[in-house]
Amino acid sequence: MPSIMETLTDVFRQVFDDPGIALEPETTADDVEGWDSLSHVNLIMAVENRFDVRFTPKEVFGFHNVGDLARCLESKLG
Amino acid sequence: MGLHSPVFLLFLLPVCLLAYWLAGRRWRNTLLLAASLVFLAWGQWLTLPLMLALILVNFKAGQRIERLRGQAGPAKAALVQAVALNLAVLAFFKILTGYAPNVLVSIQGSGLAGWLALQPGQIPSAQQVLPPLGLSYVIFQLISYLVDVYHEITDSEKRLPDFALYILLFPKIVAGPIVRYREISAQLNEREMTRQGTAAGLRRFVIGLAKKVLIADQIARLVNPAFGASSPEYAPWAAWLLVIAYALQLYFDFAGTIDMALGLGQVFGFRFPENFNTPYIARNVGEFWRRWHITLSTWFRDYVFYPLEFTRRRDNHLRQQLHVVLIFLLTGLWHGLTPNFAVWGLIQGIAISLETQGFARWLKKTWAPFQHIYTLLIVGLSWAFFRSPSLAYALRLIGRMVGLPGSAPAAPLPAVDALVWAALAAAVLFALPVNAALQKLWRPLDDRSPRLAVIRRAATDILLLALLAGSALALARYGYLPSIYSAF
């Protein structure tokens with residue numbers, strides 16, 4: 001089974017249409033081409049659909065980098 | 001009162017600074033709150049009861065929403081009620097001040113006129129009548145507080161004086177930045193005050209003062225009379241010059257005021273969020289909005305755009321684009337409920353919507369100067385609507401820019417002295433990231449020679465003192481012009 005980071009990388013590559021994206025926990029919006037407010041919404045919804053989870057507004061506001069997102073998923077799926 | 005008004009610079013600021021340094025930790029917040037109340041009430045004393053009522057109502061509402069957590073329906077109802085009340089107050093004053101001068105004429109001499117700082121016998125026009133100082137910023141801060149408490153992103157404030165201080169803190173009352181409670185709540189009770197921080201804050205204040213008084217207000221001597229003409233019948237080159245001059249005046253006016261606010265905040269130990277990041281170097285309109293009035297655009301993103309988007313939970317491209325246009329229409333109307341601000345907002349929204357549909361991707365592959373020209377053209381043309389007194393006026397001005405024949409022979413621009421042209425040249429230079437470039441240049445030099453670093457720092461401080469003296473002279477010579485964004 002792929003890890004959370006591997007699945008996230010796959011979702012990122014699809015949303016940003018860039019097969020070269022390599023994610024680190026420290027990756028932020030500044031590091032990914034085209035990661036703006038609009039694509040952020042599409043990204044969060046794509047992550048929700050892929051992992052079959054729902055984020056609360058508090059969780060979404062708390063995402064400052066990919067590591068925050070992965071940790072939140074981990075606690076939801078755990 | 002303004003952050004660069006003589007009464008503030010010569011009286012309230014020195015008194016406040018001295019008292020703040022002498023006062024013990026315990027009294028500092030009380031002192032700042034008292035200074036903020038004086039600042040707010042100066043010349044517009046009826047603003048005070050309005051603000052205090054808003055603070056009390058929202059203080060109670062925040063605690064009520066917190067108590068109702070866990071009961072989805074009642075908590076949401078309490079939030080909606082409180083937000084609606086805040087928006088109603090904002091809309092009331094926006095309509096009164098921006099859209100109904102006839103109403104204002106009829107209320108002259110009544111108690112209500114005091115709210116708007118109307119002088120008896122003054123014939124009001126949209127330009128002369130200002131809404132209560134800071135109201136748009138206060139309301140947006142209050143709404144962000146309520147929503148954050150509702151979503152459990154922050155807990156409600158339990159001490160009314162601290163809540164009042166968060167809302168009324170005088171450096172940010174004039175023109176923002178829009179500070180969220182969660183960004184500042186810890187600082188209300190625990191903040192570092194160091195000599196270095198105070199010195200850095202004062203330096204930033206002087207830089208802001210110089211941007212406002214020595215650049216923006218000098219350019220204003222060209223722009224204000226030019227836009228005061230009943231019709232903009234200028235030669236095409238003059239119409240272009242006018243719009244470019246206004247773009248620079250507005251930026252230096254607003255960014256200067258924000259520098260003063262952030263600098264003063266730092267003097268008192270507060271860290272406010274940045275509001276600008278050299279916006280005119282952006283390569284598309286979307287990027288411009290990540291660099292211009294950042295605390296307003298992120299407010300709309302977090303409190304309007306995201307809620308709209310996350311309730312749909314389905315990928316619907318058209319709806320997302322409509323939301324983008326709507327957000328910028330609302331951003332426009334935040335400045336005032338007039339057709340001009342609506343058109344200004346729509347231009348931003350439509351441009352960004354097109355950019356997100358592949359245009360930005362295409363643009364990125366083009367020649368870099370072309371990207372800058374495109375961005376400045378869209379933003380610049382939109383400023384024509386932003387500044388003009390009516391839609392017809394803006395359209396005529398743009399018509400003159402593209403060489404459409406005027407209804408009268410071309411009028412000359414107002415005659416101005418060399419100082420105005422020097423301010424324009426400085427504005428063009430400092431709209432570029434000059435400061436960052438200089439830092440990059442002298443950081444390695446500072447590291448290599450500590451003695452050189454001392455000389456460099458002393459020279460910078462002498463320059464800042466010269467800017468302070470120059471700003472004081474300019475204020476005395478040309479008079480006080482309020483910050484443009486204090487009118488919104």
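Lys94(B) lies over the face of Trp334(B), 5.5 Å from the ring centre. Here a charge sits over a ring if NZ of Lys or CZ of Arg is within 6 Å of the ring centre and within 35 degrees of the ring normal. This is a predicted model: local features need pLDDT of at least 70, side-chain atom pairs count only at pLDDT 80 or more, and totals for chains, interfaces and linings use all residues. Residues are numbered from 1 along each chain as its sequence is written, chains are lettered from A in the order in which they are written, and side-chain values use heavy atoms, without hydrogens and water.

**Charges over rings**
- Arg28(B) lies over the face of Tyr20(B), at 5.0 Å from the ring centre.

**Aromatic pairs**
- Over all chains, the search finds 55 aromatic pairs (rings of Phe, Tyr and Trp, the last by its six-membered ring, with centres within 6.5 Å; planes under 30 degrees apart are stacked, over 60 edge-to-face, the rest tilted).
- Tyr251(B) and Trp292(B) have ring centres 6.2 Å apart and planes at 40°, so the pair is tilted.
- This pair links distant parts of the chain, 41 residues apart.
- Tyr251(B) is in helix 11 (residues 236–267) of chain B, and Trp292(B) is in the loop between helix 12 (285–291) and helix 13 (294–312). Helices are DSSP runs (H or I, at least four residues), numbered from the N terminus.
- Tyr251(B) is buried at 5% relative accessible area (buried means under 20%, with a 1.4 Å probe and protein chains only).
- Trp292(B) is buried at 0%.

**Cysteines**
- The structure holds 0 disulfides over all chains (pairs of cysteine sulfur atoms within 2.5 Å).
- Cys72(A) is buried at 11% relative accessibility.
- Cys16(B) is buried at 5%.

Conventions:
Buried means under 20% relative accessible area, exposed over 50%, partly exposed in between (1.4 Å probe, protein chains only). Helices (H or I, at least four residues) and strands (E, at least two) are DSSP runs, numbered from the N terminus.
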